[in-house]
Amino acid sequence: MIKVAVVGTNGLAQYIANSIATQTSHQFIILSRRPSPGLTARGWQVLQVDYSNPADLKFKLAGVDTVISTVSGNAQLALIDAAAAAHVRRFVPSEFGGPPSLRPQNDLLDNGRRAAILRLHQHEPSGMRFTVFTCGVLYERFAPGGMAASQIGLRSNIGQEGDYLMDFRRRRAQVPYLNSAGQPATICMTSAADVARFVVAALDLPSWPREFRLRGERLSVRDVVAIAEEIQGRPFEISGHTRSSLQDALTYARAVGDHARETRVHHLIATAEGRYDFVNTNLNQLVGVRPESFRDWLKIVPTKGGKVISCVLYNMRPVAGWGELPRRSKIGIFMCQLAYEALTKWGCQNGSPTADRANADLYLPICITNEALSKIGNWIKARYP
Ligand SMILES: NC(=O)c1ccc[n+]([C@@H]2O[C@H](COP(=O)([O-])OP(=O)(O)OC[C@H]3O[C@@H](n4cnc5c(N)ncnc54)[C@H](OP(=O)(O)O)[C@@H]3O)[C@@H](O)[C@H]2O)c1
């Protein structure tokens with residue numbers, strides 16, 4: 001049995017913690033900047049950390065064998081330094097995307113990843129090894145409510161439904177058909193829950209290489225959309241992209257100073273350049289995880305089956321609360337979108353003393369500020385006139 005630190009409380013971190021709790025006998029802690037009563041209520045140990053306090057971070061990491069980071073930027077650099085100082089044996093940086101070797105210099109989508117890898121290299125002589133988990137694109141990018149509905153990618157500019165490649169429910173797609181070699185653009189993809197299962201299954205492997213590659217599927221982007229069309233039973237409105245049309249879109253986004261748009265175009269360019277693609281895996285064959293296919297995953301997206309969320313909106317007292325909602329039901333998607341607005345635009349905070357649902361796999365306890373309370377009505381009216 002080892003002690004693992006899962007760092008961050010976004011959807012991926014929660015999936016990883018849940019997998020450790022349900023599939024292993026390993027001990028784990030969660031490190032977060034804030035108290036997280038909803039997670040604590042599940043019996044999980046959440047330690048509050050201050051990334052600007054190296055001594056505090058080192059103290060919280062005492063006895064930890066493996067750190068699994070989902071945080072980025074300076075916070076992750078501080079975490080890496082503290083982990084090395086605390087004699088952590090293995091560090092998993094916040095990657096979970098395309099192969100790092102395919103990232104160009106000065107990548108707009110880098111988000112501090114390159115600096116983290118460099119820092120990890122620097123610490124290796126002191127004994128801390130690191131391994132990147134490469135999983136391609138998360139299926140959640142195509143979920144109703146987008147990745148944000150799973151509390152992933154909230155700050156990424158592609159967190160919302162339809163921000164990347166296709167909008168499943170509105171049946172629209174933007175497809176970069178060919179890669180730079182003139183071949184069909186291809187991506188590897190995995191669901192966040194399966195990424196977590198792979199990472200956790202790897203904990204028991206005796207040796208870790210520099211990079212574990214895993215995936216649920218490898219598909220051409222045209223096939224990704226074709227599967228969605230087949231499931232919807234209707235064709236999508238497709239805008240095909242060439243290299244030059246993507247370049248034009250980039251120039252336009254820059255000209256109008258729309259950074260979010262620029263990021264979204266960069267994701268399509270990265271897709272066309274094959275940066276989420278890899279031919280071989282080296283983890284699928286080592287562990288007993290049978291990942292869900294994209295088709296199977298997408299099929300249940302609009303149904304009422306699937307995972308449940310626990311959602312509580314509270315101001316001074318609870319405004320509204322649902323113990324367990326099917327996440328992919330209309331009300332589940334609605335709550336996820338509302339939570340996204342509250343967290344990203346209305347200055348609300350995560351965290352509630354009331355969320356406590358043992359069966360929920362994702363918690364959306366949102367503290368609604370007075371200012372946000374006044375916005376909810378208008379937000380609902382605008383969406384559901
Ligand atoms: N392959 C894909 O398609 C894909 C897509 C999206 C994300 N990902 C990967 O999934 C992981 C999670 O991504 P994410 O976009 O959800 O991460 P994120 O927005 O950066 O959040 C990760 C965690 O960082 C902490 N955090 C947020 N803001 C912070 C700040 N200003 N200072 C310090 N800590 C902060 C939060 O933890 P606390 O609040 O608990 O402190 C949060 O749970 C990353 O490794 C990312 O690369 C992959």
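**Sheets, helices and the ligand shell in a predicted model**

Helix α6, spanning residues 192–202, is mostly covered, with 10 of its 11 residues buried. The buried residues of α6 are A192, A193, D194, V195, A196, R197, F198, V199, V200 and A202.

Strands of a sheet pair through backbone hydrogen bonds, in either a parallel or an antiparallel sense.

Another open sheet consists of three strands in the order β9-β10-β14, and its pairing is mixed. Because β9 (166–167) and β14 (237–241) each have a single partner strand, they stand at the edges, and one side of each is left without a neighbour in the sheet. The pairing between β10 (residues 172–176) and β14 is parallel and extends over five bridges. R172 has E237 in β14 as its bridge partner. Helix α7 (residues 221–232) lies across β9, β10 and β14, and runs at about 165 degrees to β10.

A further pairing links strand β11 (residues 186–190) with β13: the two run antiparallel and are joined by four bridges. In this pair, C188 stands opposite R218 of β13. In a regular strand, side chains alternate between the two faces of the sheet.

Finally, we come to the ligand. There are 26 residues around the ligand, and those that come nearest are G8, T9, S32, R33 and S94. The elements giving two or more residues to this shell are α1 (11–23) and β8 (137–138). Sorted by class, the shell holds 11 nonpolar, 10 polar and five charged residues. Two domains contribute to the shell around the ligand, with at least three residues drawn from each: domain 1 (3–130) and domain 2 (138–190 + 217–279 + 290–300).

Key: Residues are numbered from 1 along each chain as its sequence is written. This is a predicted model: local features need pLDDT of at least 70, side-chain atom pairs count only at pLDDT 80 or more; totals for chains, interfaces and linings use all residues. A residue is buried if 20 or more other C-beta atoms lie within 10 Å of its own, exposed if 12 or fewer, and partly exposed in between; C-beta atoms are placed from the backbone. A residue is near a molecule or strand if its C-beta atom, placed from the backbone, lies within 6 Å of it. Ala, Val, Leu, Ile, Met, Phe, Trp, Tyr, Cys and Pro count as nonpolar, Asp, Glu, Lys and Arg as charged, and the others, Gly among them, as polar. Domain bounds come from an automatic or database domain assignment. Two strands pair if DSSP finds at least two bridges between them. Two residues are in contact if their C-beta atoms, placed from the backbone, lie within 7 Å. Axes are lines fitted to C-alpha atoms, for helices over the stretch in contact, and angles run from 0 to 180 degrees between N-to-C directions.
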